[in-house]
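Colleague: I'd like to learn how to read salt bridges, backbone angles and surface charge from a set of coordinates. Could you walk me through an example?

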Amino acid sequence: MSGCANASDRARRPILLADVRTDTTFDEIPVIDLKGATSTDPAVKREIADQIRDASINVGFFYIKGHGIPDSTISGVFTAAQNFFALPDSTKLELNIHNSKNFKGYTALLGENTNPENRGDLHEGFDLGWEESGTSATRSSEDRDDGVMAGENVWPDDALLPDFRQVVLKYYHAAINLGRYLFPLFALALDLPEDFFADKTAKPAAIMRLLYYPPQTGIVDDRTIGIGAHTDYECFTILWQQDDINALQVLNTAGKWVNAVPIPGSLVVNLGDQFARWTNDVFRSTVHRAINRSGIARYSIPLFFGTDYNVPLEALPSCVSDNVPAKYEIVTAGDYVKSRLEATYLRSK
């Protein structure tokens, strides 16, 4: 969808979004320029929102350029990730995510199994959630009510990786700010008021992961790949991936894996299960996987941005009808995310 939606365009929209569900397949992933996302001109924001609407209904993935995160912030967190994963396994395992009640810390190779049909995911990870930034910041989980997902982050010793925490949190908060720009655009894409999600994202329920994928060489067992086929759990994911290594693949409705080839200077956004539940599957939470057959190490950094953990995930009135009733039971965002994480890590024990 291109061009700006005027009043007559909006008048032609289906009264119910439930009526626009589509089985259209795709062979490529669209690119959306966010320049103008903060414009005071409604027509400019409407044009971007319409592009997001089209991508969300038909693909569930899109690239964004003009995202505003400085190159220095990205290169800093990339270097921090490389330094962390270069630590001895024994040191990293002191932060073992299996010892965390809120799924924060280090995941070893094969330490999770995203696809139950597989034998484990061939990557290492480091997971963190909300925390105030700044060198003198204290852990702020006590000021938040995250329910079942409550708990602090864990960090490697400063003596081992000086400034690691500060550098990682700098990128984390930059990605959070980007997500806050995206939510009003998603609201417009759903023909909702721009501030519809504001009171539902007051305490950002955003989990970020640093991921390291060793190369897979020789004979590859398709049951042990970088990360198995899955959907994400939150509203949307903001992904940074290395420019020169292709690994991410997206499954279209024809059953074909479409490569999400890295585009320099861009980030990837994909929709997750929370938006699928909000929209009764009008917006797609698309299956994807990663396989690193480049012959060299690969790093990526996804930030999974969901609604506050106490928010109930209930289908929007415009996304249900007599012919298309609600597909999902109502559950809070926190209970849903925790149940998915528990299943993923239980399969790896």
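This is a predicted model: local features need pLDDT of at least 70, side-chain atom pairs count only at pLDDT 80 or more; totals for chains, interfaces and linings use all residues.

Colleague: With charge pairs. How many salt bridges does a search of the whole structure find?

Modeller: The idea first: side chains of opposite charge can pair when their charged atoms come close. Here the search turns up 13 salt bridges. Take Asp 50 and Arg 46, whose side chains meet at 3.0 Å, N to O. They sit four residues apart in helix α2 (residues 42-58), so about one helical turn separates them.

Colleague: Are Asp 50 and Arg 46 buried or exposed?

Modeller: Both Asp 50 and Arg 46 are buried. They also belong to a network of salt bridges that links Arg 46, Asp 50, Arg 53 and Asp 191.

Colleague: And which pair links distant parts of the chain?

Modeller: Look at Arg 165 and Glu 131, in a salt bridge of 2.4 Å, N to O. Arg 165 is in helix α5 and Glu 131 in the loop between β4 and α5, 34 residues apart. Arg 165 and Glu 131 are buried.

Modeller: Then there's Asp 281 with Lys 327, at 3.2 Å, N to O. Asp 281 counts as partly exposed because its relative accessibility is 22%, and Lys 327 is partly exposed at 47%.

Colleague: Now backbone angles. What is the phi of Asn 280?

Modeller: As background, most residues other than glycine have a negative phi. Asn 280 has a positive phi of about 60° although it is not a glycine. Asn 280 lies in the loop between α6 (273-278) and β11 (288-290), and it counts as buried because its relative accessibility is 0%. Asp 163 also has a positive phi, near 70°.

Colleague: Which residues form the negative surface patch?

Modeller: Asp 163 again, together with Glu 94, Asp 157 and Asp 158.

Notes. Residues are numbered from 1 along each chain as its sequence is written. Side-chain values use heavy atoms; hydrogens and water are left out. Patches are made of residues with over 30% relative accessible area and no salt bridge: like charges are joined within 9 Å, nonpolar side chains (Val, Leu, Ile, Met, Phe, Trp, Tyr) within 5 Å. Accessible areas come from the Shrake-Rupley method with a 1.4 Å probe; for residues, only the protein chains shown count as cover. A salt bridge is a side-chain nitrogen of Lys or Arg within 4 Å of a carboxyl oxygen of Asp or Glu. Lys and Arg count as positive and Asp and Glu as negative; His and the chain ends are not counted. The place of a charge is taken as NZ of Lys, CZ of Arg, CG of Asp or CD of Glu. Helices (H or I, at least four residues) and strands (E, at least two) are DSSP runs, numbered from the N terminus. Buried means under 20% relative accessible area, exposed over 50%, partly exposed in between (1.4 Å probe, protein chains only).
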